[in-house]
Amino acid sequence: MSNLRAAVPAAVDQVLPGARADLENLVRIPSIWADPAHHDDTRRSAEAVAELARAEGASSVDIVAAEGGAPAVIAHWPAPEGAPTVLLYAHHDVQPTGGDEQWTSAPFTPTERNGRLYGRGAADDKAGVMTHLAVLRAFRSVGSGALPVGVTLFIEGEEESGSPTLTALLAEHHERLTADVIVIADSSNPAVDVPALTTSLRGLVQCTVEVKMLERPAHSGVYGGPLGDALTALCRLLATLHDDKGRVAIPGLVHNTSEAPDLDEDTFRSDAAALEGVELIGTGTLVERLWQQPAIAVLGIDAPRVAEAANVLLPSARAAVSLRLAPGQDPAVAQRSLAEHLTGHAPWGATVTVTPGASAAPFELDAVGAVYDAARRTFSEAYGNAAVEVGIGGSIPFIAEFARTFPGAAVLVTGVGDPASRWHGIDESLDLGMFGHAVLAEALLLTELGGAGG
């Protein structure tokens with residue numbers, strides 16, 4: 001075993017306290033790029049990340065942005081002769097809080113409770129940012145401080161908004177971002193002590209559907225009966241999106257099967273905070289329903305609040321609809337199928353208008369080859385349990401974009417959260433023990449990729 005390989009665990013232990021402190025400082029910055037009121041905060045977050053990269057001896061550090069896009073950080077550490085270059089990706093922007101008053105502790109005041117660090121972005125994805133930086137810091141503390149591989153650090157600033165300008169960034173900075181291996185620290189592990197490589201992600205299409213019944217509101221007593229109202233018509237239309245078993249009822253969508261071991265239903269219910277007596281919908285294994293089949297949800301409805309309701313037939317109503325796509329599904333085909341279903345099921349002669357929204361391609365990879373073998377070995381060692389391959393029901397649009405832009409690179413999607421992390425939800429948190437495992441796993445991986453694995 002090489003001297004570097006033997007020194008890595010102690011070096012990681014040494015840098016973890018400082019990495020945690022830096023993570024807390026990043027969490028204090030409300031970098032919600034989706035909210036224009038926080039654009040300056042997002043720029044401040046990018047500057048903080050850039051300063052951390054400079055402190056780790058990067059040969060170049062730049063804050064870049066495409067036109068109209070959020071600030072991203074690109075930093076570089078040259079490769080030793082003959083060694084590969086690894087691109088380390090994470091994002092520094094975060095989701096809105098969902099209501100500060102609902103949090104147990106303030107969302108941008110990092111707080112430790114029972115071994116978990118609570119705060120918006122503590123897991124998604126400032127933990128990913130600090131995992132990468134902690135690894136670089138660990139190597140700098142060992143011997144000559146030289147890295148075993150070349151590293152390009154790419155920290156994006158608009159992932160939570162769907163990465164709308166990522167394609168432009170990848171095109172503009174293609175040469176600087178080209179790498180042999182891409183490590184994306186923006187996924188989840190099935191448990192705090194079980195590492196995962198994410199090998200499939202569902203895609204996504206969204207739309208706004210509007211139902212119109214009248215030119216103006218009409219008195220519900222004078223006209224109700226012969227005339228329906230738009231909100232009821234919208235509810236009837238939305239109900240056609242599922243069949244009686246809760247399966248997506250839109251024809252022409254891809255449905256896959258899976259041989260992966262199924263999830264424990266009780267654990268799934270607990271992680272999701274399902275109420276007692278609530279039935280699960282759909283058919284097939286939980287793994288198939290979560291990773292390999294489409295899923296549809298109504299995310300919001302424009303209609304009068306109950307406290308403001310009047311005795312009138314509503315002339316129009318709108319809803320936001322989100323459709324998750326199985327791997328292998330063409331998003332354009334799915335968007336068209338969703339629109340055709342909605343317009344084709346207009347109730348009572350209502351006028352139905354569908355406006356397409358965001359879309360993202362699904363992603364699936366075959367984790368075969370030396371890089372994936374190295375990842376399984378090093379992650380299993382760091383966590384003390386065998387690494388597993390998992391799918392994710394959510395969508396991370398940029399991963400497919402990376403795979404298309406850099407087809408020669410091996411793409412590793414690693415976990416920085418666990419089922420209790422509540423990504424995008426109230427009381428988001430990071431298990432601090434798992435954070436240490438993640439840093440060690442990535443450091444061991446880079447050591448082995450650089451040929452110093454012993």
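Helix 10 (residues 331-344) lies across strand 9, strand 11, strand 13 and strand 14, and runs at about 160 degrees to strand 14. Helices (H or I, at least four residues) and strands (E, at least two) are DSSP runs, numbered from the N terminus; axes are lines fitted to C-alpha atoms, for helices over the stretch in contact (heavy atoms within 4.5 Å), with angles from 0 to 180 degrees between N-to-C directions. The model is predicted: local features need pLDDT of at least 70 and side-chain atom pairs count only at pLDDT 80 or more, while totals for chains, interfaces and linings use all residues. Residues are numbered from 1 along each chain as its sequence is written, and side-chain values use heavy atoms, leaving out hydrogens and water.

The four strands form an open sheet in the order 11-13-9-14, with antiparallel pairing (two strands pair if DSSP finds at least two bridges between them). Strand 11 (295-302) and strand 14 (351-360) stand at the edges with a single partner strand each, so one side of each lacks a neighbour in the sheet. Strand 9 (residues 203-212) and strand 13 (residues 316-325) share ten antiparallel bridges; Leu204 has Arg324 of strand 13 as its bridge partner.
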